[in-house]
Amino acid sequence: MTDKFINQPADDWAKRNLVRAIEIKPLHNSVLSQILVALAIGFVVLIFLGIPAGLFYGSTVRYATEGWSSEVSRGFTLGSIFLLAFVALASFLIFYVWRLRRNQVKFLTSEGIFTRDGKKRDWKNLKYLDFKSVQTEVRGNIFLRLMTRAMYADVQKIKVEMVFADETTAAAIIPPLIANQREILELLNTIPAERRFEG
């Protein structure tokens, strides 16, 4: 029978260094990046809602002037398909973002690490910290390239996965786009645990 993994030094470190809870806050980027993100979202919404709105409007005008016909029916059908596609895509993106964020660290406390889905991981179970480079280069689309550069300006492109002894639990993740990233990384460097670097 193998001994249970216990990282007592990390637990002692937390009790000494985390007198108050430290919140890992998402980074509120520059005004430029916020404008670019808003424009991108607005453009997508305009395209996906504009097409069905145009089809519905055209079919309504044709129905009012000519009465019901196969052309009117086709316009309403295509408009409904585009609208349903937009709702499905928006739902998928919201669910995808939620799935990405649920394992992200929300609080570092003396009692343990709390993730955004409300789960707690104990410092005693911390096996290692995995520092991974984040690829942000976008090829081709100049607009997406500018938006990505604005979002990651003055940010180290590193995410940290905090891996625990309980392998059934996903790693707790500290993403690169957080407030006070430099201070958080400096704090993580003082934790007594193995470090891995995956570039």
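The paragraphs below go from the whole chain to a sheet, a helix and a pocket.

This is a predicted model, in which local features need pLDDT of at least 70 and side-chain atom pairs count only at pLDDT 80 or more, while totals for chains, interfaces and linings use all residues. Residues are numbered from 1 along each chain as its sequence is written, and side-chain values use heavy atoms, with hydrogens and water left out.

The chain has 5 helices and 8 strands, where helices (H or I, at least four residues) and strands (E, at least two) are DSSP runs numbered from the N terminus. Along the sequence these elements follow the pattern α-β-α-α-β-β-β-β-α-β-β-α-β. Of the 199 residues, 30% count as buried, a term that stands for under 20% relative accessible area with a 1.4 Å probe, protein chains only. Among contacts (heavy atoms within 4.5 Å) with a separation of 6 or more, 67% come from residues 24 or more positions apart.

An open sheet of 4 strands runs in the order β1-β2-β3-β4 with antiparallel pairing, two strands being paired if DSSP finds at least two bridges between them. The edges are held by β1 (22-23) and β4 (120-121), each with a single partner strand, so one side of each has no neighbour in the sheet. Strand β3, residues 113-115, is joined to β4 by 2 bridges in the antiparallel sense, and F114 has K120 in β4 as its bridge partner.

Helix α3 takes up residues 70-101, and its 32 residues reach 46 Å from the first C-alpha to the last, close to the 46 Å expected at 1.5 Å a residue; that expected span is 1.5 Å times one less than the number of residues. V72, G75, G79 and F86 are buried in this helix. What does F86 touch, leaving aside its neighbours within four places in sequence? F86 is in contact with V45, F48 and L49, and although V45 is 41 residues away from F86 in sequence, their C-alpha atoms are 8.4 Å apart in space. F86 counts as buried because its relative accessible area is 16%.

The second largest pocket holds about 200 Å³ of space, a volume filled by probe spheres set on grid points joined across faces, edges and corners. A pocket here is an open set of points on a 1 Å grid over the protein atoms alone, where a 1.4 Å probe fits, with protein on both sides within 12 Å along at least five of seven lines, and lining residues have an atom within 4 Å of a point. Its lining includes R20, I22, E23, N180 and L187, and α5 (181-188) gives the largest share, 3 residues.

Technical notes
Buried means under 20% relative accessible area, exposed over 50%, partly exposed in between (1.4 Å probe, protein chains only).
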